[in-house]
Number of protein chains: 2
Amino acid sequence: MAKRGGSGLEEIARAAGVSKMTVSRVLRGGSGFSEETRAKVMREVDRLGYVPNRLAAAFGPAGSSTLVGVCVPRFTSSLFGALLESLNATLARLGYQTMIGSHGQIPEEEETWLKGLASWRPAGVILAGRRHTAGTLDMLRSMGVPVVEIWDLTTSPLDISVGFSHFDNGLEMARCVLARGHRRIGYVGALGGRETMGRQRLEGFRAGLAEAGLNLIASEMLEDDSGFYPGFYGTETLLSREGNLDLIYYHDDEMAIGGLAFLRARGLDVPGRIGVAGWGGMEAASVLPQRLTTTKVPTARLGKAAAEALVGRLKGSPVQDVTVVPTQLVPGATIRPDA
Amino acid sequence: MAKRGGSGLEEIARAAGVSKMTVSRVLRGGSGFSEETRAKVMREVDRLGYVPNRLAAAFGPAGSSTLVGVCVPRFTSSLFGALLESLNATLARLGYQTMIGSHGQIPEEEETWLKGLASWRPAGVILAGRRHTAGTLDMLRSMGVPVVEIWDLTTSPLDISVGFSHFDNGLEMARCVLARGHRRIGYVGALGGRETMGRQRLEGFRAGLAEAGLNLIASEMLEDDSGFYPGFYGTETLLSREGNLDLIYYHDDEMAIGGLAFLRARGLDVPGRIGVAGWGGMEAASVLPQRLTTTKVPTARLGKAAAEALVGRLKGSPVQDVTVVPTQLVPGATIRPDA
DNA sequence: GATGCATGAGTTACCGGTAACGCGTGCGAT
DNA sequence: ATCGCACGCGTTACCGGTAACTCATGCATC
């Protein structure tokens, strides 16, 4: 039917013989009505199949929106997928809806997305990444809503920050592979010169090497998004330039798996001849003949923590500015055994 | 500052010395104003940093929403990820925003999601899958908005349908592997007894075998979501029950890749001893030593076509009820060579 | 018996944008 | 000269829900 307006508070109110406001009070579970009235109203609500109108609710008084904007780099990554799943589920459970976008690691696209989001007057915003344009910052300020930056920890969060340090992830991995005796080390990355979080890991990794007085021997920065095949041909390119490496650190596990495939195709023994380290703890690594050396990222915990921090702030509970969600380095069998 | 209301049409109107309605007309690019007025209004819009309020716009007259609901089975699949990317980008380009949810192949969860969506009065809905509860159907009807069912073609779409036939995908694959001489065939699937689209493919596959008077020798239906490791141990279980198979068809490529890993670990020659066929055309297969036999799904085209069909309907253009997005069977090297 | 207060309602105003309508002006058609 | 109409713009009335206010009633208190 879709008759104009479906049925609103007004209709329920008439049917129950009370006023609109009373119906509103009953539905929002406040007080100021008798049990008898509540029962009468609820009966009509069920009978008429009332569908609330959040548009109207959010439209009215400021701060009554239940919409949360979420922006991630891309949908086509198992990590971000799991993150979104967790964010979405947690926010839904807490009574919020999400409006999700992706920015492809381009800060300007994040700004464009935010501009669109702002016109829906959301209650809060969750952003993956710490690179924002000046326009984004302006807009966030003028929206005046809580902002949760996730994925990468920021030393000075805009508002709330939930995640871990990619720099430390890289640093820790460097120390680990150095301890196993690897010395001639290369890197294969993605997304070219952009300020991705992979770059933070790389910088941490370099710092770790520097502690031992070492440098990366060679690195290959692909322009592509991360993926299995980019890992494969990135490795090929890297080795064609510098064949004498004893370990390659990768942007993430998918690329590491692609790299492993190349190394195996070349007949290079892993880890005897060359070691491999990835990042992310992705499911694809579970079927490798060797356990992949990687850093596991608790995507589900991260999403849940971020959602709860945002809602906590919205409800007025005290919320930590920075929440660390710990990652776990898994040494695996693609680097040399512990001495 | 985030002063109450930011700045609305009213404020622009006052600054430009015109009425609210004129500002609205200018911004919506209609007619009914002079060039001079337009310039004056636009100047103030820029100067005051006007942020439109879609809440108010969508809230008013019926059918003026620019919100589209999208529900997919899950985020953690490279195929659905790519689909969402494409849907989101296309809809954004056409001036629409998306509200995305996932249902985990559980029709009741789709209904729950839809109930939440309905309260935002969306202009349209895009659903992946054809299994809907009665409640979902009721709600869709009473919402009175266009519905696009994607991914699987339905013989009788609720409204608009964009996709391809999973049954035909399975059928085609069966014919292909039969033509290559495979006869003792097994299947490894996911998500147990649920009515997934993988099940449609399986039924098509069975039908193809039946054409040659054959049956599946064995099949293993896991309860898990699809994934690499489920493919690995599903294959182990299947072969432990029935070791004498010469081909396994998988729910999708991820599972097929997991299966290949198992077969290689066992030292079974592929395709000499046993063949492997997957589905989806997933990127992970790109680094296998052999090209995987699979069916490529054009996720980006599908998302674009679905978004355009929905917007076409919303704008009143004539739109086909059913749009077929063709898939492509890639024979690959994991089945026996062409005789 | 007058006062105070809690309780259970109804009333009003408003959020920001848009449809529908109204009104004056200027111009071409008759 | 008059009529009709298109144009440019202003006015009004909503859309559905909620905050803030009002008001009547009943009951305990002094």
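Helices here are DSSP runs of at least four residues, numbered from the N terminus. A residue is near a strand if one of its heavy atoms lies within 4 Å of it. The model is predicted.

**The surface near DNA strand D**

Three helices each supply at least two residues of the surface near DNA strand D: H2 (20-27) and H4 (54-59) of chain A, and H2 (20-27) of chain B. In total, 25 residues surround DNA strand D. Among the closest are A:Ser24 and B:Thr22. Of the DNA strand D atoms that come within 4 Å of the protein, 54% belong to sugar and phosphate. The residues of this surface divide into 11 nonpolar, 11 polar and 3 charged.

| Residue | Part of the residue | Part of DNA strand D | Distance |
|---|---|---|---|
| A:Tyr50 | side-chain N or O atom | phosphate oxygen | 2.3 Å |
| B:Ser34 | polar backbone atom | phosphate oxygen | 2.5 Å |
| B:Arg25 | polar side-chain atom | base nitrogen | 3.0 Å |

**A sheet in chain B**

Chain B holds an open sheet of 4 strands in the order E7-E6-E8-E9, with parallel pairing. Strands E7 (218-221) and E9 (275-277) of chain B each have a single partner strand, so one side of each has no neighbour in the sheet. From one strand to the next, the twist averages 15°.

Strands E6 (185-189) and E8 (247-250) of chain B pair over 4 bridges. Here B:Tyr187 stands opposite B:Tyr249.

Helix H8 (166-179) of chain B touches E6, E8 and E9 of chain B, and its direction makes about 165° with that of E8(B). Helix H10 (228-241) of chain B lies across E6, E7 and E8 of chain B, at about 145° to E7(B).

Key:
Residues are numbered from 1 along each chain as its sequence is written. Chains are lettered from A and ligands numbered from 1 in the order in which they are written. This is a predicted model: local features need pLDDT of at least 70, side-chain atom pairs count only at pLDDT 80 or more; totals for chains, interfaces and linings use all residues. Side-chain values use heavy atoms; hydrogens and water are left out. A polar contact is a pair of N or O atoms within 3.5 Å; within protein, one must be able to donate a hydrogen and the other to accept it, and residues adjacent in sequence count only if both atoms are side-chain atoms. Ala, Val, Leu, Ile, Met, Phe, Trp, Tyr, Cys and Pro count as nonpolar, Asp, Glu, Lys and Arg as charged, and the others, Gly among them, as polar. Two strands pair if DSSP finds at least two bridges between them. Axes are lines fitted to C-alpha atoms, for helices over the stretch in contact, and angles run from 0 to 180 degrees between N-to-C directions. Contact means heavy atoms within 4.5 Å.
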